[in-house]
Amino acid sequence: MWVHLKSREPFGLAGLWDVWRKPDGKRVESFTIITTEPNELVRPIHNRMILQPEDEEQWLDASRTSFAKARSLLQPYAAELMDAHDVSPIVNSAKYDGPECIRAGFR
């Protein structure tokens, strides 16, 4: 499935990034995507949701955004602003990286 904004604008994912050391001293850079409950469009496809564009700046500015405020930003995206459709199964192969991956009905 290709899930996208109807406006075709890019969207952000809330995430956390950290650098830490393993017990053996090796440096590890790690990242996780933070998600929330899906809206009614995404729910049949997936159990996770993206971050609202107007909340991205607050999410990224840890110096002025409390944990409670950051947590409150994790709300389902407005379904009426999104769309989804079937895509080609070639999207599952790393050797394909082009528009043919998201063409509906491409087989």
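Contact means heavy atoms within 4.5 Å. Leaving aside neighbours within four places in sequence, Cys-101 is in contact with Val-87, Ser-88, Ile-90, Val-91 and Tyr-96. This is a predicted model, in which local features need pLDDT of at least 70, side-chain atom pairs count only at pLDDT 80 or more, and totals for chains, interfaces and linings use all residues. Residues are numbered from 1 along each chain as its sequence is written, and side-chain values use heavy atoms, with hydrogens and water left out.

- Helices (H or I, at least four residues) and strands (E, at least two) are DSSP runs, numbered from the N terminus.
- Cys-101 lies in the segment after β4 (82-85).
- Cys-101 has a relative accessible area of 7% and is therefore buried; buried means under 20% relative accessible area, exposed over 50%, and partly exposed in between (1.4 Å probe, protein chains only).
- Between the C-alpha atoms of Cys-101 and Leu-81, which are 20 residues apart along the chain, the separation is 22 Å.
- His-4 is placed in strand β1 and counts as buried because its relative accessibility is 5%.
- Not counting residues up to four places away in sequence, His-4 touches Phe-11, Met-82, Asp-83 and His-85.

**Salt bridges**

- A salt bridge is a side-chain nitrogen of Lys or Arg within 4 Å of a carboxyl oxygen of Asp or Glu.
- By this rule, there are three salt bridges.
- One of them joins the side chains of Arg-27 and Glu-29 at 3.0 Å, N to O; Glu-29 is exposed, at 52% relative accessible area.
- Arg-64 meets Glu-57 at 3.6 Å, N to O, and Asp-61 at 2.9 Å, N to O.

**A nonpolar surface patch**

- Patches are made of residues with over 30% relative accessible area and no salt bridge; like charges are joined within 9 Å, and nonpolar side chains (Val, Leu, Ile, Met, Phe, Trp, Tyr) within 5 Å.
- Accessible areas come from the Shrake-Rupley method with a 1.4 Å probe, and for residues only the protein chains shown count as cover.
- Phe-11, Leu-13, Trp-17, Phe-31 and Ile-33 make a nonpolar surface patch of about 540 Å².
- Phe-11 lies in the loop between β1 (2-5) and β2 (14-21), and its relative accessibility of 33% is why Phe-11 counts as partly exposed.
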